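User: I'm new to reading protein structures and would like some practice. Could you walk me through a few features, one by one?

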Amino acid sequence: MPNAFFVEVSGNTVRLDDIEVNHLRVIRAKKGDRLTGTDGRGGIYKFVLEGVGKHEATGTVIEKEFVERDGRTIIIAVAATKWPRLRILLEKATELGVDRIELFQGRRSVALLDGEKLSKYTAVVREAAKQSVNPYLPSVELQRNLDLSGAQNLLLDFRGKPLRELSKELATEREIRLIVGPEGGFTEEEISEISAASVKVSLGRRTLRVETAVIVALGLLNDYTERI
């Protein structure tokens with residue numbers, strides 16, 4: 001059961017689309033139930049369910065809150081990886097409050113980027129945002145080539161300096177991009193290219209799966225930037 005539903009708000013009325021209607025039916029929601037909604041743009045709403053139709057439901061807002069952004073942008077840039085791991089990564093990154101997810105094609109990526117699957121990726125993000133009551137829906141972007149502009153770039157590499165050594169510096173950064181390679185790792189050429197615009201950082205001696213590295217690194221970044 002989701003902890004919140006995605007809603008569109010007009011005045012004191014919330015509308016839920018057919019995806020949300022399906023979830024309402026699963027939990028056997030009925031008229032008069034008090035539920036929580038989010039618009040994915042900072043708004044969190046308590047509402048009373050007024051009616052459930054075949055493709056749409058409506059409710060009346062009884063309480064609303066707007067969660068301001070903290071002025072930071074945390075991005076994860078991840079080389080294309082197989083779906084089971086990518087699904088976990090998308091889900092957990094959203095739960096941890098990442099602002100943007102950039103998927104790019106690494107030279108050793110076994111999986112291939114597929115623009116037709118973008119809706120599949122965003123559906124996972126949407127469900128994770130509902131589960132965690134994340135007031136902001138992170139964007140998902142597919143990139144043929146990794147974009148290194150506009151942020152403090154951190155390249156995960158076991159030869160890099162421990163991430164914790166940058167904690168004070170990162171606490172004041174307004175935009176951070178965490179770069180994670182594919183299961184087979186980056187080629188030396190890719191490491192050289194990315195390193196020219198990045199700082200190499202390490203999470204320790206253990207070799208972590210892609211999704212595990214993202215979870216650990218985002219948890220640490222949230223701590224350093226006081227997001228948790």
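This is a predicted model: local features need pLDDT of at least 70, side-chain atom pairs count only at pLDDT 80 or more; totals for chains, interfaces and linings use all residues.

User: What is the phi of R28?

Analyst: Here's the background: most residues other than glycine have a negative phi. R28 isn't a glycine, yet its phi is positive, near 60°. V133 is another case, with a positive phi of about 50° although V133 is not a glycine either. V133 sits in the loop between α3 and β9 (139-143). With a relative accessible area of 27%, V133 is partly exposed.

User: Okay, let me zoom out. How many helices and strands does the chain have?

Analyst: The chain has six helices and twelve strands. Its C-alpha trace spans about 60 × 35 × 30 Å along the principal axes. Of the 228 residues, 45% count as buried.

User: How do I read a pair of helices? At what angle do α2 and α3 cross?

Analyst: Picture a line through each helix, then look at the angle between the lines. The axes of α2 (residues 83-95) and α3 (residues 118-132) come within 8 Å and cross at roughly 40°. Angles under 35 degrees count as roughly parallel and 65 to 115 as roughly perpendicular, so α2 and α3 are oblique to each other. The crossing is right-handed.

User: Which residues of α2 and α3 make the contact?

Analyst: From α2 it's W83, L86, R87, L90, E91, T94 and E95, and from α3 it's K120, Y121, V124, V125, A128, A129 and S132. Sort the residues of this contact by type and you get eight nonpolar, two polar and four charged.

User: How many aromatic pairs are there in the whole structure?

Analyst: A search of the whole structure finds two. To read one, check the distance between ring centres and the angle between ring planes; planes under 30 degrees apart count as stacked. The rings of W83 and Y121 have centres 5.9 Å apart and planes at 25°, so this pair is stacked. W83 is in α2 and Y121 in α3, 38 residues apart, and the pair links distant parts of the chain. W83 is partly exposed, with a relative accessible area of 25%, whereas Y121 is buried at 5%.

User: And where are F104 and F186?

Analyst: F104 is in strand β8 (residues 100-104), and F186 is in the loop between β11 (175-180) and α5 (188-195), 82 residues apart. Their rings form a stacked pair too, 6.2 Å centre to centre with 10° between the planes. Both F104 and F186 are buried.

User: Last one: which residues is E56 in contact with, leaving aside its neighbours within four places in sequence?

Analyst: The idea is to look past the sequence neighbours and see what else is in contact. For E56, that gives R15, L16 and V21. E56 is in the loop between β5 (43-52) and β6 (57-66), and it counts as partly exposed at 40% relative accessibility. You can compare sequence and space here as well: E56 and D18 are 38 residues apart in sequence, but 5.5 Å apart in space, C-alpha to C-alpha.

Definitions and conventions: Residues are numbered from 1 along each chain as its sequence is written. Side-chain values use heavy atoms; hydrogens and water are left out. Axes are lines fitted to C-alpha atoms, for helices over the stretch in contact, and angles run from 0 to 180 degrees between N-to-C directions. Helices (H or I, at least four residues) and strands (E, at least two) are DSSP runs, numbered from the N terminus. Angles under 35 degrees count as roughly parallel, over 145 as roughly antiparallel, 65 to 115 as roughly perpendicular and the rest as oblique. A crossing is left-handed if the near helix is turned anticlockwise from the far one by less than a right angle, and right-handed if clockwise. Contact means heavy atoms within 4.5 Å. Ala, Val, Leu, Ile, Met, Phe, Trp, Tyr, Cys and Pro count as nonpolar, Asp, Glu, Lys and Arg as charged, and the others, Gly among them, as polar. Rings of Phe, Tyr and Trp (its six-membered ring) pair if their centres lie within 6.5 Å; planes under 30 degrees apart count as stacked, over 60 as edge-to-face and the rest as tilted. Buried means under 20% relative accessible area, exposed over 50%, partly exposed in between (1.4 Å probe, protein chains only).
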